[in-house]
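Hi,

Here is the structure I promised to pass on.

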Amino acid sequence: MVFEVIGKNVFITAASKGIGFATAKAFLEGGANVAISSSDENNISDAVSRLGKITGKTPYGLKCDLNKKEDIRSAFRKAELKYGHIDILINNCGGPAPGYFNDFEEEAWDHAYQQVLMSALQLIRLALPGMKNNKWGRIINITSLSVKQPVENLLLSNVFRSGLVSAAKTISMSESKNNITFNNISPGFIHTERLDKLALNNGEKSGKSAEEILSEMADAVPVKKLGKADDIAALALFLASENAGYINGQTIAVDGGLIKSTY
Ligand code: NAD
């Protein structure tokens, strides 16, 4: 069985590093046409060149700050102009600020709302007409383990990612005709730059080294290791393929068994 994405047009946000980058790599290797975007122009051109060296294919690099509605509109339109239409939308974003309820003023809530939830909804609105017209589409949201098991000091992530999961399920009920599916991936502890920074911060607070913190994280996972960004990319590639056309409205964890829930 082959999980084919050859010739499909893909738009991936927050793709200059980590999970987004690995996902772009997987789709390029799978023969798709890939537009990658990120808030920082230097990071995006660096990612385009690294992806070119690794895969031998050139993605279309676009600046798109997910906190700027105009950036989102303009980047998506540019990708549509280049490829004709977008078949596969992968909504990834930078992680919202960590913290507890008393840590956040209203501005932080507004910022995280646009960063995590509204940006994805805006992109779904932009992508759906082309998918409907083409009678085929895949929408995949990269969320977090926090949608299945809230993390105490990740209030903004818990709230807005859960909102996105609920939106994806609800939209799928009315918009999944014509081979369009909506699914979410929940990463557990995935070893990216973000996790390294988190380990460094937690280590500074607890007097431990970042390596010790990472090793404790790995030990908390039933498979006793951290995940790789490629582990997330593999599921995204499968969900985008023709073979996954009957999987819809789902939230699937890639977490080595970390989340203590049965669904
Ligand atoms: P990362 O920090 O390695 O990469 C984040 C990407 O987001 C970068 O390309 C960065 O340039 C981009 N970005 C940041 N702010 C942006 C903005 N305003 N507009 C557009 N792009 C922006 O992070 P990662 O580990 O790859 O995680 C990706 C997502 O998955 C994050 O939302 C993260 O919270 C979530 N997640 C990660 C893990 C993990 O263990 N790594 C676990 C659960 C959830």
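**What I found**

If you skip its neighbours within four places in sequence, alanine 14 is in contact (heavy atoms within 4.5 Å) with Gly20, Ser37, Asn92, Cys93 and Gly94. Before you go on: this is a predicted model, where local features need pLDDT of at least 70, side-chain atom pairs count only at pLDDT 80 or more, and totals for chains, interfaces and linings use all residues. Residues are numbered from 1 along each chain as its sequence is written, and side-chain values use heavy atoms, with hydrogens and water left out.

Back to alanine 14: you'll find it in the loop between β1 (9-12) and α1 (18-29). Helices (H or I, at least four residues) and strands (E, at least two) are DSSP runs, numbered from the N terminus. Alanine 14 is partly exposed, because its relative accessibility is 22%; buried means under 20% relative accessible area, exposed over 50%, and partly exposed in between (1.4 Å probe, protein chains only). Alanine 14 also sits 9.4 Å from isoleucine 90, C-alpha to C-alpha, though 76 residues separate the two in sequence.

Last one: serine 241 lies in the loop between α8 (229-240) and β7 (250-254). Serine 241 is buried, because its relative accessibility is 0%. Not counting residues up to four places away in sequence, serine 241 touches Phe3, Glu4 and Arg138.

Cheers
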